[in-house]
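Subject: Structure handover

Hello,

Here is the structure I promised to pass on. Please open it first, then read my notes below.

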Amino acid sequence: MTFTAVPLTLYPDIFPGPLGHSMAGRALESGTWACAPVQIRDFATDKHRTVDDTPAGGGAGMVLKADVLAAALDHAVAAHPGLPILAMTPRGTPITQRRVRDLAVGPGVIILCGRFEGFDERIFDARPVEQVSMGDIILSGGEIGALLLLDACIRLLPGVMGAASSGDDESFENGLLEYPHYTRPVEWEGRTIPEVLRSGDHAKIAAWRKQQAEDHTRLRRPDLWERHIDARARPASGARRKEKD
């Protein structure tokens with residue numbers, strides 16, 4: 001199955017962009033994934049190909065029109081049925097590695113890329129669009145966020161990273177940040193690779209890495225650490241049912 005990325009954008013030349021290089025680029029060439037951008041402006045109906053208008057109620061900036069967006073989206077859905085529809089917006093739910101993995105095992109994704117002040121809200125009422133955010137930042141448009149999301153998905157496709165286990169111990173996969181890494185030379189500018197990593201004792205190495213991951217997460221991302229602690233403390237569903245009985 002080919003994973004198909006369908007970005008809806010005013011700037012289709014942005015795609016595949018950096019995803020045409022390195023692992024993602026090789027996967028694109030081999031047919032592991034495909035990129036089929038849609039130009040939103042092609043679905044404007046007036047002679048000026050207008051895609052935006054002033055905000056209702058006044059205010060600065062422009063808003064992407066619901067009728068044009070819907071026409072572009074309906075075209076994409078008809079051409080690529082069964083793909084989930086996401087919209088890049090700072091008002092969306094923050095994306096997670098779990099959601100990325102869910103997307104990566106599917107047939108692909110349609111991504112609405114916003115510009116200006118964003119989307120006419122009615123598009124979310126009229127179409128099954130999942131609003132997602134790539135972080136608490138504001139970008140010039142949704143295209144950069146879409147590239148980030150697609151890169152996160154594509155690297156998980158079968159064969160892209162080589163060994164299937166390559167991504168198992170990375171940050172966020174198990175609710176923690178990843179442990180630190182080292183490589184040769186053993187000593188550099190007076191700094192030495194931790195002795196445990198040179199011991200050859202795999203059990204001690206695993207314990208050290210686990211401790212480092214927990215320490216780094218607790219200090220750098222207390223929000224992740226709280227969720228991790230809550231998940232560990234939460235009883236299994238069977239245990240909850242037994243207590244209720």
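Start with Ala56, which sits in the loop between β4 (52–53) and β5 (63–64). Helices (H or I, at least four residues) and strands (E, at least two) are DSSP runs, numbered from the N terminus. Ala56 is exposed, at 82% relative accessibility. Here, buried means under 20% relative accessible area, exposed means over 50%, and partly exposed is in between (1.4 Å probe, protein chains only). Now find Asp120: Ala56 and Asp120 are 64 residues apart in sequence, but their C-alpha atoms are 9.6 Å apart in space.

Two notes on the source. This is a predicted model, where local features need pLDDT of at least 70 and side-chain atom pairs count only at pLDDT 80 or more, while totals for chains, interfaces and linings use all residues. Residues are numbered from 1 along each chain as its sequence is written, and side-chain values use heavy atoms, with hydrogens and water left out.

**Salt bridges**

How many salt bridges does a search of the whole structure find? There are twelve. A salt bridge is a side-chain nitrogen of Lys or Arg within 4 Å of a carboxyl oxygen of Asp or Glu.

Asp120 takes part in one, with Arg122 as its partner (2.7 Å, N to O). Asp120 is buried, at 15% relative accessibility. Arg122 is exposed, with a relative accessible area of 56%.

Next, look at Glu143 and Arg115, whose side chains meet in a salt bridge (2.9 Å, N to O). Glu143 lies in helix α5 and Arg115 in the loop between β7 (108–113) and α4 (122–126), so this pair ties together parts that are 28 residues apart in sequence. Glu143 is buried, with a relative accessible area of 0%. Arg115 counts as buried too, at 18% relative accessibility.

Then go to helix α6 (residues 202–220), where Glu214 and Lys210 are four residues apart, or about one helical turn. Glu214 and Lys210 form a salt bridge, with their closest N and O atoms 2.7 Å apart. Glu214 is buried, at 10% relative accessibility. Lys210 is partly exposed, with a relative accessible area of 49%. Arg232 joins in: Lys210, Glu214 and Arg232 are linked in a network of salt bridges.

**Pockets**

The largest pocket has a volume of about 990 Å³. On a 1 Å grid over the protein atoms alone, a pocket is an open set of points where a 1.4 Å probe fits, with protein on both sides within 12 Å along at least five of seven lines; lining residues have an atom within 4 Å of a point. Grid points are joined across faces, edges and corners, and a volume is the space filled by probe spheres set on the points.

Which residues lie nearest the centre of the largest pocket? They are Ile95, Thr96, Gln97, Arg98 and Phe172, out of 26 lining residues. Helices α3 (97–104), α5 (142–154) and α7 (222–233) each supply at least two residues of that lining. By class, the lining has ten nonpolar, seven polar and nine charged residues. Ala, Val, Leu, Ile, Met, Phe, Trp, Tyr, Cys and Pro count as nonpolar, Asp, Glu, Lys and Arg as charged, and the others, Gly among them, as polar.

The second largest pocket has a volume of about 480 Å³. It is lined by 24 residues, with Met88, Thr89, Pro90, Glu117 and Gly118 closest to its centre. Two or more lining residues come from each of β6 (85–94), β8 (130–133) and α5. Strand β6 gives the most, with four. This lining divides into ten nonpolar, ten polar and four charged residues.

**Backbone**

Two peptide bonds are worth a look. The bond from Phe15 to Pro16 is cis, with omega near 0 degrees. Pro16 is in the loop between β1 (3–9) and α1 (22–30). The bond from Arg184 to Pro185 is also cis, with omega near 5 degrees. Pro185 is in the loop between α5 and β9 (187–188).

Check Ser22 as well: this residue has a positive phi of about 55 degrees, yet is not a glycine. Ser22 lies in helix α1 and is exposed, at 52% relative accessibility.

Best wishes
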